[in-house]
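Dear colleague,

Please find below the sequence and structure that I am handing over to you. My notes on what was found follow directly after.

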Amino acid sequence: GLGAPLPLMPLLLALALLSPWGSAGGSCPPRCVCASNILSCSQAVLSSVPAPLPRFTAVLDLSHNNVSRLRADWAPGRLAHLHALLLSHNGLSFVSTEAFAHVPHLRHLDLSSNRLRVLEENLFSDLAELEVLLLYNNEISAVDRTAFDNLSRLRKLYLGQNRIARFPLELLRDGSRLPQLALLDLSANRLRSLPIGELQALPAWLRDRLYLHGNPLACDCPLFQLVARGRRRRLSAVMDFQEELRCLLPTTQAHVGILALAGRQPLNCSEAREAVLEAHLGDTITLSCDTRLQGVRNRHWVTPGGERVLEEGGNSSAALLANGSLQLRALRPEDAGTYACCVAGPLLNDTIYVELLVHNFTLHGPHDTLNTAYTTLVGCILSVVLVLIYLYLTPCRCCCCHGADKPPAPRDDSINSSVLSATPNHATGSVPGEPCRSCSASATGPGQNSRFKVGGTPQLPPQHGPKAQRKVSDPDSVSSVFSDTPIVV
């Protein structure tokens, strides 16, 4: 009847009070959709960030609006739970350097498809936990050297489709500014040249996920060899964008595919060769630069740290020999990495890459390890032999078993009885003066190891009372021998 829905009202009121949006934490802003700790205000025709924002918001989606300026007071209160902020497609042209002071736990920030032109000093320094930063499809042409300071957890940085004309090598050179960076997208910018030698010195996990397609790069052989090396390793940054990896020829300014430079005039580039060498700490090793070119004009080496070795001799740990080889003395762990030998000939250039692996022990390390293992094995075998001798060859100590006339002491089911026994022990004594024959299971004295007898559970004297029938453990009982409490099945 009409009175049926009335009992539902208290239930709905209770649910509203239990929901975070019905509590004192805040209410859902107008034109937004709220679900749990997610606040979605996408395509809501907003010109500013709605206020107040609930303090428990974890995901805030403000994409596809008209928020053109992100001031320092957009979040007047601390949003300690916010870990994802989406601001793409807003026409955003200004972001305050203090805009992220109230969201210290942000891990995902999307500022893509806006009108940002400059990344100011220390712009993202308050985001120490940031992992993914999307800045693609903006108008960025200038990046301050400190814009990405303090981003020690940043793993992915997307700067594609901007106006960047200089490769930001300072972000990567020493590996201390962005130590966990694993992906860098610089595609579709205005890069005309690349520091090839220093790119080769980057860690493999970053060098293999560096996206450079869609830039007006000048054609040269080191660029071809960098891309060809990626194709040989079937890296997605090369395999997925082969058509967009193009460069400008220095003479005609025509766009050609970078991978098409192999054997093509006027550069006639050849694909780089690679070798892998292994060494140990303290070794002296020579890296050969065996090139097929005739009439070599000059050659030099580039170390994993990006340093060029040009002159012969020298007192440093790396020295160029007369035949073009590179000698490394007193190897250290930091000497490991990729070395590049760049050779210039009359018709074409050649590059040889040598991957050096430095094992973190000296040459005698494996022998020492073998000796230690051999000594351990011999010690184990000797221990087993001694135990067997003790068990089977120890002479009987009770040559004359005295005290047979004494009756055995009564025992109950205390710790003196062995739970390992299976057969009852017959308490029969020996004849006085008769030698003990190998201390058989019928002996009444202590066993060979003075802890338990071989014969098993002794025969108990008769007892009276309700507990007299439970003195010996029944092997078929469900009671545990380690507990007085029966296990109920």
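This is a predicted model: local features need pLDDT of at least 70, side-chain atom pairs count only at pLDDT 80 or more; totals for chains, interfaces and linings use all residues.

Helices (H or I, at least four residues) and strands (E, at least two) are DSSP runs, numbered from the N terminus. Residues are numbered from 1 along each chain as its sequence is written, and side-chain values use heavy atoms, with hydrogens and water left out.

Nine of the 12 residues of α4 are buried (under 20% relative accessible area, with exposed meaning over 50% and partly exposed in between; 1.4 Å probe, protein chains only). Among the buried residues are L223, F224 and R229. At the N-terminal end, D220 caps α4, with a side-chain oxygen 2.9 Å from the backbone nitrogen of L223. After α4 comes R234, which has a positive phi, near 55°.

T338 is buried, because its relative accessible area is 7%. Its side chain makes a polar contact with the side chain of E355, at 2.4 Å. A polar contact is a pair of N or O atoms within 3.5 Å; within protein, one must be able to donate a hydrogen and the other to accept it, and residues adjacent in sequence count only if both atoms are side-chain atoms.

How many salt bridges are there, if one is a side-chain nitrogen of Lys or Arg within 4 Å of a carboxyl oxygen of Asp or Glu? The count comes to five. One of them joins E139 and R117 (3.2 Å, N to O). E139 lies in the loop between β9 and β10 and R117 in the loop between β7 and β8, so the pair ties together parts that are 22 residues apart in sequence. R117 counts as exposed, at 54% relative accessibility.

E334 and R332 also meet in a salt bridge (3.6 Å, N to O). Salt bridges that share partners join R332, E334 and D335 into one network.

Yours sincerely,
A colleague
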